[in-house]
Amino acid sequence: MGKSDKAQALAEPKDPTITRVEEHTIEIVSDSGEGAQKAGQAYGAISARMGNGVWTVEIIPAEIKPPARSRAGASGIRVRVGSKPVTNMGDEADLVVALNEQVLYGRIAQKAYRKGTVVLLENRWADDPQEAIRVAYAEGLRHFREQGLVVHELALESACRKVTQDVAVGKNMFVLGMLCRICGRDPQKAREEIAAVFGKKSKDVVAKNHGLFDAGWRFAEEQIPLRFLIPPAPVTSRLCVMNGNQALGLGIMAAGMEMVAMYPITPATSASHYLAGVFGKVGGCVHQAEDEIAAIGFAIGASYAGKTACTITSGPGLALKTEFLGLAVMAEIPLVVVVVQRGGPSTGLPTKVEQGDLLAVLYGQPGDAPKIVIAAATIEECFHLPIAARRLAEAFRTPVIVLTDANLATGVAPVPRPEPQPDWLAPPLDLAAWDPAVPPYDWDERSGISPRPIPGQRGGEYVLTGLAHTKQSKVAYDPDSNQNGCAARSKKLAAFRGTLVPPTVEGDPDGDLLVVGWGSSLGAIREAVDRARGEGLRVSSLHVRFLSPLEPGLAAIFARFRQVMTVEINYSDEPDAPGVGPEYRRRAQLATLLRGETLVDVDCWSNVHGQPLRPGHIHAEIARRLGGGKH
Amino acid sequence: MFGLKDDWSYDMPERYFTLEDYEGGVARWCPGCGDLAVLTAVQKILRDAQQVPENTVCVSGIGCSSRFPHYMKTYGFHGLHGRPLPVACGVKSRRPELDVWVATGDGDCCSIGAGHWLHAIRYNMDMVVMLFDNNVYGLTKKQTSPTSPLGLKTNTHPQGAWLPPLDPLVAMLGFTNSSFVAQTVDWNPAHLQATLHAAWQHKGLGFVRILQRCPTYTDSVFEELQKDPSRLLLLTGAKQPALAAGVARIFVNQRDHDSLDLGAARSIASSAHERVPIGVLFQDESRPRYEDFTTVGLGMTPEQKLAALERELDRFAV
């Protein structure tokens with residue numbers, strides 16, 4: 001059924017029909033503190049329990065308590081549910097529950113909706129004692145309808161009041177019941193989820209929320225003649241529902257790391273929030289340092305003295321950690337640095353996504369500072385990369401940077417439940433005597449790798465220094481030592497690169513266009529490319545996870561495509577912008593890197609709107625480049 | 001036979017350490033540098049206590065005095081300018097059994113690292129922090145430091161330092177959770193060693209400001225104190241570093257001081273323009289130590305960790 005049929009169904013309340021869809025995106029938007037996010041998370045979890053693919057993303061205003069009924073204060077959640085796995089937040093929403101008209105304006109400004117998007121709008125503002133509010137509501141209603149939104153006014157609050165006195169707290173479960181009825185969610189699974197969410201509180205609280213859910217369900221049954229079916233797939237494996245920052249925290253625990261030193265910064269901090277609550281259960285400790293510099297210094301001290309430690313940060317924090325990162329490279333200290341990217345430069349867009357720190361982590365230190373850099377593309381990888389990073393840090397005696405971003409940090413999706421393995425955990429400290437004949441930097445001729453003495457090891461005493469040093473870690477006063485040290489550290493990347501395999505090309509191995517991405521845009525890129533391939537366009541995609549050293553075989557893969565283009569969430573000049581041309585154009589970060597490494601004329605398409613990339617937009621760009629195509 | 005008991009043995013320790021076992025090569029400080037006296041004092045303290053060298057970690061920042069770890073034959077961490085304290089705290093966080101000494105200068109500690117200084121004091125982790133205060137930046141060749149006396153002519157203030165100096169002791173006695181604040185001078189080896197030893201024995205962060213002569217750039221800033229011991233005020237009392245009578249006699253001005261009395265300590269520190277106090281101004285071992293929090297959970301077995309992780313993953317299961 002087409003989109004317009006939904007509107008028609010709404011217009012015929014006496015004859016509800018069930019619309020079968022492959023995927024469906026809802027939003028709940030409200031003022032801050034109305035519980036929209038909790039309702040949306042539950043809706044996503046219920047869908048995951050049913051076997052649907054789900055991607056949930058929170059809509060977070062910049063302020064903690066923005067003024068009520070303000071456009072910039074729109075708070076809430078988007079949940080995209082599909083019959084197949086869902087890897088991104090999608091394009092425009094199909095259905096929106098809006099608790100006032102102002103927040104809806106806020107989302108319209110974000111281009112969150114299309115013509116035909118159904119809006120279930122709280123209508124109590126129509127009778128508000130304040131004339132200004134009544135007028136604003138009426139204006140909004142007219143405006144939304146002019147824009148093609150299918151608005152259905154509903155007395156949500158008064159209906160909710162029949163069930164509970166405490167509407168402010170209870171409304172969200174009412175809305176959940178409503179949405180579950182409309183979107184064909186399994187009521188039994190919904191009741192289980194509510195019991196799980198409120199299980200820690202009393203039975204009364206669970207019962208009360210079940211009551212609200214039932215009331216919302218009945219309300220939809222009676223008043224909203226709109227029903228969808230999003231057929232789920234059978235659940236065949238154990239799933240966990242989590243966001244990327246929770247996955248990071250779990251991955252850090254599964255890696256056996258025991259010290260995370262951090263300083264509060266958005267959007268990285270929620271990973272530490274999560275860890276702070278549970279890290280002690282695996283014997284770990286979260287250290288909240290006095291600043292970003294101290295956080296990495298503390299982690300480095302802990303690493304130097306024993307087990308590899310971790311520090312988690314975002315852009316401005318990364319900038320402050322630069323000097324210590326250089327020391328970790330120079331002195332070859334195993335360390336895991338997680339960077340949850342946000343918009344930059346400077347304070348930038350604290351809560352919004354960007355993939356803008358790639359070149360900063362690669363080249364942000366003075367001098368040559370080679371280090372391993374890997375980027376998570378999915379929430380599942382947010383779990384697994386800390387485990388890999390800890391091992392790499394120790395095997396290659398180097399800092400390892402794990403890049404994620406705000407999109408992964410706040411996105412919630414079902415992932416296959418990890419099965420922790422004993423060998424993921426860091427081994428216990430080995431303080432056996434060190435052979436004093438072995439210097440502290442016994443650089444292997446071929447790989448540059450050297451074993452590391454740890455305080456407490458008899459015979460291994462050495463003074464770690466950030467100064468250029470010899471194998472003995474003695475301050476270098478001769479011209480060769482710095483050259484030798486730099487070469488040894490650089491060789492480690494070459495040695496590691498030798499263990500990597502060329503990335504997989506999704507789609508045909510040759511064609512007219514290869515779309516190259518990295519990080520959280522994997523899902524949107526694949527979806528766009530699949531759509532374009534379905535239309536007969538000769539496009540494939542490739543996703544890079546190892547950025548330093550860069551994965552091998554790229555030049556050979558690129559040579560099989562007429563055009564190569566990166567799709568990224570960071571800044572690049574438009575090719576036809578004033579002053580910009582083939583001679584001078586500042587390109588997106590991965591494109592810049594790939595051009596240098598492969599000598600292929602890699603193009604890019606990127607923006608810094610602070611939004612996760614939408615498959616529809618990427619698809620349109622692919623179609624434009626390949627001369628039309630149906631879209 | 002020979003009248004010895006059957007279980008007789010010659011009770012010789014498996015390892016016996018001499019000063020050499022703590023000496024990491026020839027120090028490259030200028031002749032006459034006060035740092036040399038501090039180095040010797042620390043080596044003697046460790047030798048006297050037969051401290052196992054591989055269990056000691058000397059952490060430093062950047063500056064002349066921060067070369068300290070290089071001249072010790074223990075583990076060492078010569079890191080970044082101003083940042084020895086976060087590193088030292090990190091070292092201690094999961095290895096509380098390690099013996100940690102921090103060498104930092106007046107620029108390193110009181111200027112670029114001042115933020116960490118305040119917080120390391122508050123963390124109060126069990127270590128010794130030696131502030132080598134020569135009132136000047138030496139390694140970068142004579143710039144004004146926060147503790148440079150008013151009017152000191154330097155390369156950044158050729159007409160003389162503009163501002164009165166920061167007093168580290170007054171500052172320290174105002175920081176929350178300070179647990180040990182002492183002052184000593186490099187030119188009295190007995191007092192220097194006794195004070196550092198007291199800091200080393202202290203459970204918590206033992207902070208010692210060492211008035212330290214720089215023969216190259218500030219050869220005269222402590223000249224008066226050195227020549228006229230009456231400018232110094234020797235703190236005495238049961239909890240003060242033990243000094244031989246012959247040493248104590250040099251100091252004509254002495255004051256009996258209860259180092260638990262923070263008010264008296266502040267009053268003494270604030271009167272340094274009259275008489276410069278040496279000894280332990282303040283000591284309180286009842287203050288909380290951060291490692292008591294960071295080490296909870298040490299020694300958990302892999303089986304316990306995996307079981308906890310499984311339970312945690314189950315919380316996310318649907």
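How many residues of domain 2 of chain A are in contact with residues of domain 3 of chain A? In this predicted model, whose local features need pLDDT of at least 70 and whose side-chain atom pairs count only at pLDDT 80 or more, totals for chains, interfaces and linings use all residues, and side-chain values use heavy atoms, with hydrogens and water left out. Residues are numbered from 1 along each chain as its sequence is written, while chains are lettered from A and ligands numbered from 1 in the order in which they are written.

The answer is that 19 residues of domain 2 of chain A are in contact with 25 residues of domain 3 of chain A, where contact means heavy atoms within 4.5 Å. The centres of these two domains, taken over C-alpha atoms, are separated by 25 Å. Chain A is assigned domain 1 (3-229), domain 2 (241-424), domain 3 (430-499) and domain 4 (505-625), with bounds that come from an automatic or database domain assignment.

We turn next to the open spaces. Rolling a probe the size of a water molecule over the atoms shows where empty space is left. On a 1 Å grid over the protein atoms alone, a pocket is an open set of points where a 1.4 Å probe fits, with protein on both sides within 12 Å along at least five of seven lines, and its lining residues have an atom within 4 Å of a point. The largest pocket is lined by 46 residues, and Q41(A), E58(A), N243(A), Q246(A) and V412(A) lie nearest its centre. Its lining draws at least three residues from each of domain 1 and domain 2 of chain A.

The second largest pocket is lined by 29 residues, with E23(A), R80(A), N88(A), E527(A) and R531(A) nearest its centre. Its lining draws at least three residues from each of domain 1 and domain 4 of chain A.

S473(A) is buried, with a relative accessible area of 1%, where buried means under 20% (1.4 Å probe, protein chains only). The side chain of S473(A) reaches the backbone oxygen of V463(A) at 2.6 Å. Leaving aside its neighbours within four places in sequence, S473(A) is in contact with several residues of chain A, including P440(A), Y441(A) and Y462(A), and also with H70(B).

Methods. Buried means under 20% relative accessible area, exposed over 50%, partly exposed in between (1.4 Å probe, protein chains only). A polar contact is a pair of N or O atoms within 3.5 Å; within protein, one must be able to donate a hydrogen and the other to accept it, and residues adjacent in sequence count only if both atoms are side-chain atoms.
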